[in-house]
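Let's take a walk through this protein together, from its sheet and helices to the core they share. Please have the sequence and the 3D view open as you read.

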Amino acid sequence: MALLRVCKSHNSEMDTVRRLSVRFGRRMFYMWTVVYIAQSREIATRLQDILLKEGLLVKIRPISKNNENNDNYYEVLVPEAEVAEAHSIIIEKGY
């Protein structure tokens, strides 16, 4: 049975961020949402670093499974509950 849980961070910068997660057994699963499509792995990694420094959970993944090199496009994803904050940071940083 899935347990729906809303977590709130104790970090003062993250007090307004709520992470919606679904718990199956001992593992937490976040509902990830694409917030940016980068034209290269380098751009995706830079944006990932910026968002991580702001305290957001971030992952990147290539759009094409067949092409793992730097010429591929990459999705930058954050948990659904952090989309608005991620968009604000992306706009603030000029991406």
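## Before we start

A residue is called buried here when its relative accessible area is under 20%, and exposed when that value is over 50%. Please keep in mind that the model is predicted.

Strands of a sheet pair through backbone hydrogen bonds, in either a parallel or an antiparallel sense. Here, three strands form an open sheet in the order β4-β6-β5, and the pairing is antiparallel. β4 and β5 stand at the edges with a single partner strand each, so one side of each has no neighbour in the sheet. On average, neighbouring strands of this sheet are turned by 30° against each other, direction ignored.

Between β5 and β6 there are four bridges in the antiparallel sense. To find your way along this pair, look for R61, which stands opposite E75 in β6.

## Helices across the strands

α1 lies across β4, β5 and β6, and runs at about 20° to β6. α2 lies across β4 and β6, running at about 15° to β4.

## The nonpolar core

The largest nonpolar core has 15 residues, and those that touch the most other members are V35, L51, V76 and V78. At least two residues of this core come from each of β4, α1, β6 and α2. The most come from α2, which gives four.

Leaving aside residues up to four places away in sequence, V78 touches M31, W32, T33, V35, L51, L57, V58, V83 and A86.

## A buried asparagine in a loop

Finally, have a look at N72, in the loop between β5 (59-62) and β6. Is N72 buried or exposed? Its relative accessibility is 6%, so N72 counts as buried. The side chain of N72 reaches the backbone oxygen of S64 at 3.1 Å.

Definitions and conventions
Residues are numbered from 1 along each chain as its sequence is written. This is a predicted model: local features need pLDDT of at least 70, side-chain atom pairs count only at pLDDT 80 or more; totals for chains, interfaces and linings use all residues. Side-chain values use heavy atoms; hydrogens and water are left out. A nonpolar core is a set of buried Ala, Val, Leu, Ile, Met, Phe, Trp, Tyr and Cys residues joined through side-chain atoms within 4.5 Å. Buried means under 20% relative accessible area, exposed over 50%, partly exposed in between (1.4 Å probe, protein chains only). Contact means heavy atoms within 4.5 Å. A polar contact is a pair of N or O atoms within 3.5 Å; within protein, one must be able to donate a hydrogen and the other to accept it, and residues adjacent in sequence count only if both atoms are side-chain atoms. Two strands pair if DSSP finds at least two bridges between them. Axes are lines fitted to C-alpha atoms, for helices over the stretch in contact, and angles run from 0 to 180 degrees between N-to-C directions.
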